Amino acid sequence: MALIRVEHIDKSFAGRHGSINIMHDISFDVADSDFLAIVGPSGCGKSTLLRLIQGLDRPTEGRVYFRDAPVEGVCSKMAMVFQNFALFPWLTVSQNVGFGLDALAWPPERIKSQVERYISVTGLDGFQEAYPRELSGGMRQRVGLARALAVEPSVLLMDEPFSALDPLTAESLREEILQLWRDPELPPDAVLLVSHNIEEAIQLADRIIVLSRRPSHVLADVRVELPRPRDRKSAAFYELTDRVYSLITEGGGAAPVPPAANGASGRG
């Protein structure tokens with residue numbers, strides 16, 4: 001049984017001159033223990049697809065299933081890490097991390113213990129009473145990650161979580177994400193990462209769904225069979241980068257950053 005099934009998804013939005021079709025007939029499965037990346041040209045609907053999977057939006061046609069049950073609303077077994085951090089500026093780090101736990105009706109002591117655990121796991125010790133404005137971008141993204149992990153989701157959705165960070169901070173967080181992913185004591189069962197950066201996707205993921213330009217469809221489901229840790233300077237890494245890049249450019253549409261110019265990097 002697949003953890004997630006995306007079956008024949010179409011998504012359209014109303015435009016000034018009629019309906020705008022964003023994606024067409026998108027299908028793929030996500031298994032337990034998958035680390036899956038979604039790449040494609042700008043505007044192809046990668047972030048929209050994550051929202052459809054979590055149930056934050058509904059497809060025009062098709063269905064998303066979680067453990068064989070249709071996703072009819074926001075799925076509580078999934079959590080999202082956003083590109084722009086999406087923290088509550090009036091709440092402290094501890095309060096932001098614990099925000100999603102309040103809806104679970106847990107006893108206060110259990111919430112406190114859970115918050116403390118994931119603050120520690122994500123390297124936020126000492127910043128419990130700080131406010132987002134007092135934190136660097138990397139620390140704010142750690143808060144977003146801790147908040148997502150604290151609800152112990154089966155699926156962690158990450159929408160370009162490193163793109164607002166400087167290269168060194170982004171690289172550090174990619175390595176920490178992989179360390180968390182390898183820890184069997186920590187959630188989630190699967191990770192879905194949206195990225196505009198091909199090298200980042202290859203560094204982190206075991207599978208890459210390659211989307212075409214709008215209206216997007218699946219160009220390829222590429223397995224990344226490189227050993228970890230992955231050497232971005234190896235011929236095999238470069239060849240896979242070039243393959244994915246070629247799929248996108250030959251599929252049409254605006255391309256992501258060419259392989260030679262990519263500054264990114266990022267369970268096994």
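Me: Where is Pro215 found?
Reply: This is a predicted model, in which local features need pLDDT of at least 70, side-chain atom pairs count only at pLDDT 80 or more, and totals for chains, interfaces and linings use all residues. Residues are numbered from 1 along each chain as its sequence is written, and side-chain values use heavy atoms, with hydrogens and water left out. Strands (E, at least two residues) and helices (H or I, at least four) are DSSP runs, numbered from the N terminus. Pro215 sits in the loop between strand E9 (207–211) and strand E10 (218–223).

Me: What is omega for the peptide bond that joins Arg214 and Pro215?
Reply: The bond is cis. Its omega is about -10 degrees.

Me: Which loop holds Pro229?
Reply: The peptide bond from Arg228 to Pro229 is cis, with omega near -5 degrees. Pro229 belongs to the loop between E10 and helix H7 (235–250).

Me: In which strand does His8 lie?
Reply: His8 is not a glycine, yet its phi is positive, at about 50 degrees. Its strand covers residues 4–15 and is E1.

Me: What is the phi of Ala105?
Reply: Ala105 lies in the loop between helix H2 (93–98) and helix H3 (108–121). It is not a glycine, but its phi is positive: about 60 degrees.

Me: How do H4 and H5 run relative to each other?
Reply: Their axes (lines fitted to C-alpha atoms over the stretch in contact) are 11 Å apart, and the packing angle is about 20 degrees. Angles run from 0 to 180 degrees between N-to-C directions. Under 35 degrees counts as roughly parallel, over 145 as roughly antiparallel, 65 to 115 as roughly perpendicular and the rest as oblique. H4 and H5 are therefore roughly parallel.

Me: What is the volume of the largest cavity?
Reply: On a 1 Å grid over the protein atoms alone, a cavity is a set of points where a 1.4 Å probe fits but cannot get out. Points are joined across faces, edges and corners, and the volume is the space filled by probe spheres set on them. For the largest cavity it is about 70 Å³.

Me: Which element gives the most to the lining of the largest cavity?
Reply: Lining residues have an atom within 4 Å of a point; among them here are Leu145, Met158, Ile177 and Trp181. Helix H4 (137–150), strand E7 (155–159) and helix H5 (167–182) each give two or more residues. The most, three residues, come from H5.

Me: By class, what does the lining of the second largest cavity have?
Reply: Its residues include Val81, Gln141, Arg142 and Phe162. Ala, Val, Leu, Ile, Met, Phe, Trp, Tyr, Cys and Pro count as nonpolar, Asp, Glu, Lys and Arg as charged, and the others, Gly among them, as polar. The lining has six nonpolar, one polar and one charged.

Me: Which element gives the largest share of the lining of the largest pocket?
Reply: A pocket is an open set with protein on both sides within 12 Å along at least five of seven lines. This one holds about 640 Å³ of space. Of its 22 lining residues, Gln54, Met78, Ala79, Gly100 and Val151 lie nearest the centre. Three residues, the largest share, come from E6.
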